[in-house]
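Welcome, and thanks for taking a look at this model with us. Please have the sequence and the coordinates open as you read.

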Amino acid sequence: MKKIKSPIQEVLEQFFLLEEILSIKNLSKGNINDSYIVSLKDETYLLQRINTDVFPNPIQIFQNTEAIIKYIQTNFLEKIFSKIKYTKDGNLYYLSSKQEYWRMMVWIENSVSYTSPKNKSQAIEAGKALADFHNSLVNFPVHSLFETFPNFHNTKYRFEQFQNAIEHDSANRVIDVKNEINFLVKKHQLSGIIQSLIIQNLIPIRVTHNDPKMDNILLDQDTEKEICLIDLDTIMPGTILFDFGDMIRTCAVMASENETDLSKVEIDLNLFKGCVEGYASIANQFITNIEKAHLFLGALTIVYEQALRFLTDYLNGDQYYKIAYAEHNLERAKNQIKLVKSLENNQSQLEDIIHKCFNL
């Protein structure tokens, strides 16, 4: 490939000879970073520009990612996992002339990801992928990781941010979202329960992915069996309750978080059962009884938290998430509020599924 538009050319030259590149494709998936698929004759790569407004400590992200990948590849030699493509100078990343941080990962061939599962079998594999990730890192020295995003899943802190956004109303939007605000304020007790258990050291701190949504779970394109989790930017110390909950949030619902027809936003009992069965089939090797007992609360809390985050961003003028239209974050918040209601309406059946899969 002879002609590549800047600034991509500057970046790619740090990793390859330009004549080696066959094609570059802009990958639109993802709410935060800019991503590109770079194809060479014998290999394909994922190139990403890190959004430093969202991730202010990108070097720590790169170091966490490298530590996790090296550990898994050293201790689980048979496991397929993402690999880092270092620069020609052997660096983890490239800092461009525009002071932008870029990194490259090897693309896992014959893999596929979905925004939502198509059937229970895919939900089972999603559960296995998350549990496999957790299980692989049970003995990793968790406190050696940087906390690259402090309070990332601190729901109490997220509620305080929400209150601050309401108070300042910088985008003059509060008056139009009173119903959504009132619902989230009414449910504020959800914000502190799991955080309290963490503070009391009742829940173990583990290596957590912190964004195990369906489109971050790779399946084999032919067999549809789980391969691994991708998008490791938010790996940090945390609780698996929130990882489990985030998986449920996107893998036990047919509709995506961008769905505006709220009649479609319902917890799917069949998909939920698949997620829990898949997760339990591996997680029973390491999960504690108190973690088992709070799995449903983890799911309910993380959906509530995501509603808080979407509405907070909307009230702040859409500073965090990429949006496709003016009310995108508001519609996302409504979507997650509907999912909170659906979880609560089906709580008895959902907890029964968890109890059976985890022998409670």
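This is a predicted model: local features need pLDDT of at least 70, side-chain atom pairs count only at pLDDT 80 or more; totals for chains, interfaces and linings use all residues.

Residues are numbered from 1 along each chain as its sequence is written, and side-chain values use heavy atoms, with hydrogens and water left out.

**The cores**

A nonpolar core here is a set of buried Ala, Val, Leu, Ile, Met, Phe, Trp, Tyr and Cys residues joined through side-chain atoms within 4.5 Å. Buried stands for under 20% relative accessible area, exposed for over 50%, and partly exposed for what lies in between (1.4 Å probe, protein chains only). The largest nonpolar core has 103 residues, and Tyr279, Leu311 and Phe358 have the most contacts inside it. Helix H10 (residues 295-315) gives the most to this core, with 14 residues; helices (H or I, at least four residues) and strands (E, at least two) are DSSP runs, numbered from the N terminus. Contact means heavy atoms within 4.5 Å. Not counting residues up to four places away in sequence, Leu311 touches Phe162, Val177, Glu180, Ile181, Leu184, Leu330 and Ala333. There is also a second, separate core of 16 residues, with Leu12, Leu40, Tyr45 and Leu47 among them.

| Residue | Location | Relative accessible area |
|---|---|---|
| Ala299 | helix H10 | 1% |
| Glu125 | helix H3 (residues 120-136) | 6% |
| Asp318 | loop between H10 and helix H11 (328-345) | 16% |

Leaving aside neighbours within four places in sequence, Ala299 is in contact with Leu241, Gly245, Ile248 and Leu343. The C-alpha atoms of Ala299 and Met247 are separated by 8.2 Å, and these two residues are 52 residues apart along the chain.

What does the side chain of Glu125 lie 2.8 Å from? One of its polar atoms is at that distance from the backbone nitrogen of Glu226. With neighbours within four places in sequence left aside, Glu125 is in contact with Leu219, Glu224, Lys225 and Glu226.

The side chains of Asp318 and Arg173 are joined by a polar contact of 3.0 Å. Such a contact is a pair of N or O atoms within 3.5 Å; within protein, one must be able to donate a hydrogen and the other to accept it, and residues adjacent in sequence count only if both atoms are side-chain atoms.

**Cavity and pocket**

On a 1 Å grid over the protein atoms alone, a cavity is a set of points where a 1.4 Å probe fits but cannot get out, and a pocket is an open set with protein on both sides within 12 Å along at least five of seven lines; lining residues have an atom within 4 Å of a point. The largest cavity holds about 50 Å³ of space. Its lining consists of Phe62, Thr65, Ile84, Leu92, Arg103, Met104 and Met105. Strand S6 gives the most to this lining, with three residues.

The second largest pocket holds about 430 Å³ of space. Of the 18 residues that line this pocket, the closest to its centre are Phe149, Arg158, Gln161, Asp313 and Tyr320. Helix H4 (155-168) and H10 each supply at least two residues of the pocket lining.

Notes. Grid points are joined across faces, edges and corners, and a volume is the space filled by probe spheres set on the points.
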